[in-house]
Amino acid sequence: MSEPSDTASRPAEPSLEEQIAAYQREFQDLDPQVEKVVSALQRLNRRMNVAYGRQTATLGISNAEWEVLKALVVSGAPYRLGPGDLAKRLGLTPAAMTHRIDRMASEGLVNRERDENNRVRVIVELTTEGREKWLEAMRLASVFEEDLLQDLDSRERGLLGDVLTRLLRRVEDAQPDAEGRLTDLD
């Protein structure tokens with residue numbers, strides 16, 4: 001007889017309906033529609049991060065490294081930013097950003113150079129290898145994302161994008177200092 005796997009021995013996460021029912025039992029003022037939206041978004045975000053992490057791991061990079069690659073690509077050619085700018089964009093402390101850049105430089109994903117206009121300032125630049133890793137990750141992500149949204153037609157995708165953007169703006173307006181993380185993850 002085989003032993004149960006780790007996943008079989010762990011209690012299953014309750015369904016959204018079970019979670020909401022438990023919340024309502026303990027907190028009667030809960031709006032179940034609001035809680036369903038918020039809980040679904042939280043679970044979707046968590047599961048998407050796991051999926052992206054599996055994809056980036058196949059490329060030999062972490063989600064944290066992918067975030068840096070994305071920030072450099074989004075900055076536009078020549079894909080260069082200062083460590084402080086990167087830290088701010090990713091919601092990290094300077095120390096955490098330095099640690100991440102050290103790792104990525106040793107892996108050949110980024111280079112560090114002195115700023116020609118200010119020799120004290122360091123610039124982080126995306127390497128050709130780093131850009132290739134970003135492109136590979138984007139190819140994998142786009143397949144995953146298309147599959148995720150396959151049941152939505154173009155109009156529904158547009159509507160969902162608009163609704164989520166409105167929610168994001170509301171959070172950004174209410175919490176302007178909450179761009180990044182409250183604590184470092186690496």
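A residue counts as buried under 20% relative accessible area, as exposed over 50%, and as partly exposed in between. Arg 80 has a relative accessible area of 30%, so Arg 80 is partly exposed. The structure described here is a predicted model.

Arg 80 and Glu 113 meet through their side chains in a salt bridge, with 3.4 Å from N to O. This pair links distant parts of the chain, since Arg 80 belongs to strand E1 (residues 80–81) and Glu 113 to strand E2 (residues 110–115), 33 residues apart. Glu 113 is also partly exposed, at 33% relative accessibility.

Side chains of opposite charge can pair when their charged atoms come close. The count for this model is 12 salt bridges. One of them joins Glu 13 to Arg 47, where the closest N and O atoms are 2.4 Å apart. Glu 13 sits in the loop between helix H1 (6–9) and helix H2 (16–26), while Arg 47 sits in helix H3, so the pair ties together parts that are 34 residues apart in sequence. Glu 13 is partly exposed, with a relative accessible area of 37%, and Arg 47 is partly exposed at 45%. Both residues belong to a network of salt bridges that also includes Arg 43 and Arg 46.

Glu 17 lies in helix H2 and Lys 36 in helix H3, and the pair links distant parts of the chain, 19 residues apart. The relative accessible area of Lys 36 is 42%, which makes Lys 36 partly exposed.

## Nonpolar surface patch

A nonpolar patch on the surface is formed by Val 34, Val 37, Val 38, Leu 41, Leu 159, Leu 160, Val 163, Leu 164 and Leu 167, which together have about 670 Å² of accessible area. Helix H3 (32–58) and helix H8 (154–174) each supply at least two residues of the patch. The most comes from H8, with 5 residues.

Val 38 is placed in helix H3. This residue is partly exposed, with a relative accessible area of 36%.

## Packing of H5 and H6

Two packed helices are described by the angle between their axes and the distance between the axes. For helix H5 (residues 83–90) and helix H6 (residues 94–106), the axes come within 9 Å and cross at roughly 110°. H5 is therefore roughly perpendicular to H6. On the H5 side the contact is made by Pro 83, Leu 86, Ala 87 and Leu 90, and on the H6 side by Pro 94, Met 97, Arg 100 and Ile 101.

Methods:
Residues are numbered from 1 along each chain as its sequence is written. This is a predicted model: local features need pLDDT of at least 70, side-chain atom pairs count only at pLDDT 80 or more; totals for chains, interfaces and linings use all residues. Side-chain values use heavy atoms; hydrogens and water are left out. Patches are made of residues with over 30% relative accessible area and no salt bridge: like charges are joined within 9 Å, nonpolar side chains (Val, Leu, Ile, Met, Phe, Trp, Tyr) within 5 Å. Accessible areas come from the Shrake-Rupley method with a 1.4 Å probe; for residues, only the protein chains shown count as cover. A salt bridge is a side-chain nitrogen of Lys or Arg within 4 Å of a carboxyl oxygen of Asp or Glu. Helices (H or I, at least four residues) and strands (E, at least two) are DSSP runs, numbered from the N terminus. Buried means under 20% relative accessible area, exposed over 50%, partly exposed in between (1.4 Å probe, protein chains only). Axes are lines fitted to C-alpha atoms, for helices over the stretch in contact, and angles run from 0 to 180 degrees between N-to-C directions. Angles under 35 degrees count as roughly parallel, over 145 as roughly antiparallel, 65 to 115 as roughly perpendicular and the rest as oblique. Contact means heavy atoms within 4.5 Å.
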